[in-house]
Amino acid sequence: MKKQRDLTQPEFDRLLAWLDEDRDHAADKYEVIRRGLIELFDSRCCSDAEDLADRTINIVAGKVDQIAPAYSGEPGLYFYGVAKHVLQEYFREKTVPLEMPLAATVTEGPDDRENLFQCLDICLEQLSPEDHETILTYYLEAKRARIDMRQNLTGHLGLTSNALRVRAHRIRKSLEKCILLCLEQRESGRNKSN
Amino acid sequence: MEQRFFDDALIRKYLLGNISQEDQEQIEQRLLIDEEFSEKLSMTRIDMVDDYVAANLSAKEREEFEKHFLSTPEHVQMVEIARALAKRLMECSRDLAMTGGAASKIPNPYYIRHLKAIISLTAGMILLVTGYSVWEIIKHRHPNSPVNEAQEQRAILENELVKLNRPATGPAQTALAVVTLNLKPILVRDLGENRSLVISKDPSIFELQLELPNDKYQNYRASLQTDEGVELAVIDALTAKTLSTGKVVVFKLPSWLMRPGSYQIKLTGVLMSGQYEDVSVYPFEITK
């Protein structure tokens with residue numbers, strides 16, 4: 001599946017107008033839908049979930065003029081219908097090997113592992129002291145000890161335990177993004193030198 | 001649309017591809033209209049990946065995870081990142097236990113390597129002190145002592161474990177009775193397998209013979225944990241031996257430092273590159 005193009009400004013404006021009369025609310029709804037589509041495609045084990053999400057959005061944006069006059073209800077549910085078609089097309093086009101290797105790894109050798117650890121250390125260094133403390137305490141140890149520590153940390157940071165989980169999760173996601181970017185930069189650097 | 005509650009267990013089933021069509025549709029529709037739910041799903045995914053890395057999934061979940069979830073390179077990479085992060089955090093956890101201080105940050109790996117050398121030298125000096133007498137002092141210490149009891153107990157236990165599990169055994173160990181227990185990896189053990197050790201009034205050495213599914217590692221790390229996965233002690237550089245039952249890693253425990261309860265040994269293999277891979281978990285019980 002080829003990389004999706006960005007929406008043109010008029011297409012994007014029409015889409016937002018359909019999502020909500022208020023542009024700010026419309027932008028929020030757009031982000032919720034886009035994020036939801038990415039989670040959906042990722043959960044269905046599709047590679048490049050972002051691209052599939054954008055494809056879905058592009059299809060809906062191309063039909064807004066037809067949809068808007070007659071459609072009533074949550075726009076997100078319309079996107080869902082389109083996403084299901086995109087999924088069907090994705091699995092039709094995808095070549096599935098008869099047997100997937102169990103726990104296959106994309107880090108092929110010691111150099112790749114070394115790169116991963118170096119990128120992890122670089123990205124951990126970039127965290128703020130507060131984020132550092134949150135990650136360290138949230139993930140350290142396991143189960144019972146972790147629960148005690150989390151209760152201490154929520155008190156210290158003035159957070160409820162669910163808010164702490166959300167915060168730690170967001171730090172973890174940003175850490176993952178940092179690591180992936182670092183690995184990508186190292187890979188492109190390696191390709192240039194070859 | 002009615003706001004149905006989806007708990008983490010159901011979301012996990014969805015992520016493992018083990019859910020009804022109706023539930024799948026409801027979850028996916030919810031993703032597109034509820035931002036908080038999207039975040040909840042993402043968090044559950046990360047927790048599930050962490051549980052896989054920590055070998056905390058059931059056998060069925062692990063199979064579904066490897067067959068379904070790990071079918072994309074992105075998810076495989078997610079697991080590898082989780083594994084790397086868990087390793088760094090484990091190093092920090094041991095650093096906290098050994099130094100007794102609160103680390104202000106996850107240490108630089110070069111500092112960790114230097115710190116390990118210092119700790120090894122210190123542990124060697126501490127080995128001269130009789131662990132049993134020190135343990136008695138700890139047990140009868142005033143309950144309001146400001147010293148962190150859990151960290152001190154861990155240090156005592158690890159010191160004894162280092163003594164018991166080093167290749168050359170000293171004269172003090174041969175004077176004690178040895179109680180042997182053979183344990184199979186968690187995935188292949190029989191329901192009727194004996195997994196109990198009994199604490200007698202005289203101190204003895206519990207020798208756990210951990211059967212290996214294969215022996216492809218340079219050496220092994222054994223983490224002694226409660227049955228809920230709380231780590232009590234870690235010992236490195238254990239090597240495999242060949243017994244009549246096959247290849248095993250022998251892990252010796254001091255009976256006088258153990259309390260009745262349910263425990264497990266989490267065994268990790270060390271590759272030539274220095275990376276760690278999970279081998280298996282070996283549950284066992286200690287009774288009186």
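**Helix contact, cores and sheets**

Reply: We may begin with a helix pair in this predicted model. On one side of the contact stand B:Asp8, B:Ile11, B:Arg12 and B:Leu15 of H1(B), and they meet B:Leu41, B:Thr44, B:Arg45 and B:Met48 of H3(B). By class, this contact of H1(B) with H3(B) comprises four nonpolar, one polar and three charged residues.

Me: At what angle do the axes of helix H1 and helix H3 of chain B cross?

Reply: Helix H1 (residues 8-15) and helix H3 (residues 35-53) of chain B have axes that come within 10 Å and cross at roughly 75 degrees. Because angles of 65 to 115 degrees count as roughly perpendicular, H1(B) is described as roughly perpendicular to H3(B).

Me: How is chain A built, by helices or by strands?

Reply: Chain A has eight helices and zero strands, and its elements, read from the N terminus, run α-α-α-α-α-α-α-α. Of its 194 residues, 25% are buried. For contacts in chain A between residues at least 6 apart in sequence, 54% link residues at least 24 apart.

Me: Which residues have the most contacts inside the largest nonpolar core?

Reply: The general idea is that nonpolar side chains tend to be buried together in soluble globular proteins. Here the largest nonpolar core has 47 residues, and those with the most contacts inside it are A:Leu37, A:Phe41, A:Leu120, B:Val49, B:Val79 and B:Ala82. Leaving aside residues up to four places away in sequence, B:Val49 touches B:Met78, B:Val79 and B:Ala82. Another core, of 29 residues, lies apart from it and includes B:Ile156, B:Ala233, B:Ile235 and B:Val281.

Me: Turning to the sheets, what is the strand order in the open sheet of four strands?

Reply: As a general point, strands of a sheet pair through backbone hydrogen bonds, either parallel or antiparallel. In chain B the order of this open sheet is S1-S3-S7-S6, with mixed pairing. S1 and strand S6 (240-243) of chain B are at the edges with a single partner strand each, so one side of each has no neighbour in the sheet. Direction ignored, neighbouring strands of this sheet are turned by 40 degrees against each other on average.

Me: Which strands does S3(B) join, and in which direction does each pair run?

Reply: Strand S1 (residues 177-183) and strand S3 (residues 204-211) of chain B run parallel and are joined by seven bridges; in this pair B:Val178 stands opposite B:Ile205. Seven bridges also join S3(B) to strand S7 (residues 246-254) of chain B, but that pair runs antiparallel. There B:Phe206 is opposite B:Leu253.

Me: What is the order in the open sheet of five strands, and which strands stand at the edges?

Reply: The order is S2-S9-S8-S4-S5 in chain B, again with mixed pairing. Strand S2 (196-198) and strand S5 (231-238) of chain B stand at the edges; each has a single partner strand, so one side of each is without a neighbour in the sheet. From one strand to the next, the twist averages 25 degrees. Within this sheet, strand S4 (residues 219-226) and strand S8 (residues 261-270) of chain B run antiparallel and are joined by eight bridges, with B:Val270 as the bridge partner of B:Asn219.

Definitions and conventions:
Residues numbered from 1 in each chain as written. Chains lettered and ligands numbered in written order. Predicted model: local features only at pLDDT ≥ 70, side-chain atom pairs only at ≥ 80, totals over all residues. Pairing = 2+ DSSP bridges. Helix = DSSP H or I, 4+ residues; strand = E, 2+ residues; numbered from the N terminus. Buried ≥ 20, exposed ≤ 12 C-beta atoms within 10 Å, placed from the backbone. Contact = placed C-beta atoms within 7 Å. Axes fitted to C-alpha atoms, helices over the stretch in contact; angles between N-to-C directions. Parallel < 35°, antiparallel > 145°, perpendicular 65-115°, else oblique. Nonpolar A, V, L, I, M, F, W, Y, C, P; charged D, E, K, R; others polar. Core = buried A, V, L, I, M, F, W, Y, C linked by C-beta atoms within 7 Å.
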